[in-house]
Each structure stands twice: as C-alpha cells, then as structure tokens.
Amino acid sequence: MERMAKQRVKKSDGTDADIAVASTANVLTHSVKIPYSSAFCLSIRAKSSTGTPDLDIYIQQTHVEQAPSDEGDTGDETNGWVATEGSSKLIDITDENWHHLTISPVVLPYVRFLLDGQGANPADCTVEAYVTQLEQWD
C-alpha cells in the first residue's frame with residue numbers, strides 16, 4: 001500500500017521555522033529521512049519584505065544517520081554528505097511564488113538542501129520548504 005506523507009524541512013538546528021538566508025549566505029537545512037519513499041517533491045518558497053529573493057537550491061544526500069551534533073552547517077565526507085552525482089542544483093528562485101519540484105535523488109535514506117544566497121538576495125530573505133513523499137506501507 002502507498003501513502004503520501006508531507007514533512008516540513010527544518011532549520012539546521014531542527015527547529016520548525018522558516019529558514020533565514022541572509023544576502024549571500026550558504027545555509028544547510030536539517031536532514032530529512034526518506035527510507036521508505038519512491039517519489040519525492042520539494043515544495044519551496046522564498047520570502048522577503050525588502051526585495052526579491054535570489055537563491056540557488058541544491059540537494060545533498062547521505063547513507064549515514066545523523067546525530068544532532070552532525071547537523072547544521074557542518075557535514076562533509078566524514079558523515080556521508082556529498083552532492084548528488086552530476087548537477088545537484090534543483091532550481092534558481094528569483095520570486096516569492098511556491099515552486100513544486102519532482103526530485104530524483106539516488107535513493108539514499110537521508111537528504112538535505114543547501115540554500116545558496118546570490119548577490120541580489122535581500123538580507124531578510126527566508127525560506128519555507130516541505131518534502132512530500134510517496135511511501136510504501138504494508
């Protein structure tokens with residue numbers, strides 16, 4: 001049996017709030033566990049009250065379960081994080097609309113997203129994001 005499951009993409013510290021991406025900052029999200037899923041959608045929206053968001057969004061994935069101390073702006077080959085083979089860029093966002101992206105990662109059990117602020121990105125930019133998964137259930 002299959003079911004759709006939606007979960008919010010959290011801040012790197014695990015809190016359930018919009019993610020600040022000030023100016024040209026590079027911000028990693030908290031990891032999202034996806035082991036029972038066969039199809040994925042990233043729903044994402046950038047917001048700013050002082051200008052137009054300008055972000056590049058990338059996907060990263062790992063096979064290593066992350067301890068809370070491994071989350072945040074850390075993480076590299078020592079805890080399994082690598083960019084998806086080939087181009088890991090999912091989208092350029094230059095508006096405040098919702099974007100729904102079908103993503104096809106190599107099926108590793110954890111993903112996270114790199115939110116890369118570009119030159120014109122406002123200092124008050126925040127991102128709201130959700131992962132929707134088609135999951136297999138008995």
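The protein chain exposes about 7,100 Å², and carbon and sulfur atoms supply 50% of this area. Accessible areas were computed by the Shrake-Rupley method with a 1.4 Å probe; for residues, only the protein chains shown count as cover. The model is predicted: local features need pLDDT of at least 70, side-chain atom pairs count only at pLDDT 80 or more, and totals for chains, interfaces and linings use all residues. Residues are numbered from 1 along each chain as its sequence is written, and side-chain values use heavy atoms, with hydrogens and water left out.

The protein chain has zero helices and 11 strands. Both are DSSP runs numbered from the N terminus (helices: H or I, at least four residues; strands: E, at least two). Of its 138 residues, 43% are buried. Buried means under 20% relative accessible area, exposed over 50%, and partly exposed in between (1.4 Å probe, protein chains only). Contacts were taken as heavy atoms within 4.5 Å. Among contacts between residues at least 6 apart in sequence, 83% join residues at least 24 apart.

Strand 5 (residues 37–47) has two of the pairings described here. Strands pair if DSSP finds at least two bridges between them. With strand 11 (residues 126–136), strand 5 pairs in the antiparallel sense over 10 bridges. Phe 40 stands opposite Gln 133 of strand 11. The pairing of strand 5 with strand 9 is also antiparallel, over five bridges. Here Cys 41 has Thr 102 of strand 9 as its bridge partner.

The largest nonpolar core holds 24 residues, of which Leu 42, Phe 113 and Leu 115 touch the most other members. Such a core is a set of buried Ala, Val, Leu, Ile, Met, Phe, Trp, Tyr and Cys residues joined through side-chain atoms within 4.5 Å. Strands 5, 6 (55–62), 8 (89–93), 9, 10 (110–117) and 11 each supply at least two residues of this core. Strand 5 gives the most, with four residues. Not counting residues up to four places away in sequence, Leu 42 touches residues including Val 9, Ile 57, His 99, Phe 113 and Val 131.

His 99 lies in strand 9 (residues 99–103). His 99 is buried, with a relative accessible area of 16%. Its side chain makes a polar contact with the side chain of Asp 95 (2.8 Å). A polar contact is a pair of N or O atoms within 3.5 Å; within protein, one must be able to donate a hydrogen and the other to accept it, and residues adjacent in sequence count only if both atoms are side-chain atoms. Beyond residues up to four places away in sequence, His 99 touches Leu 42, Ser 43, Ile 44, Ile 91 and Ile 93.
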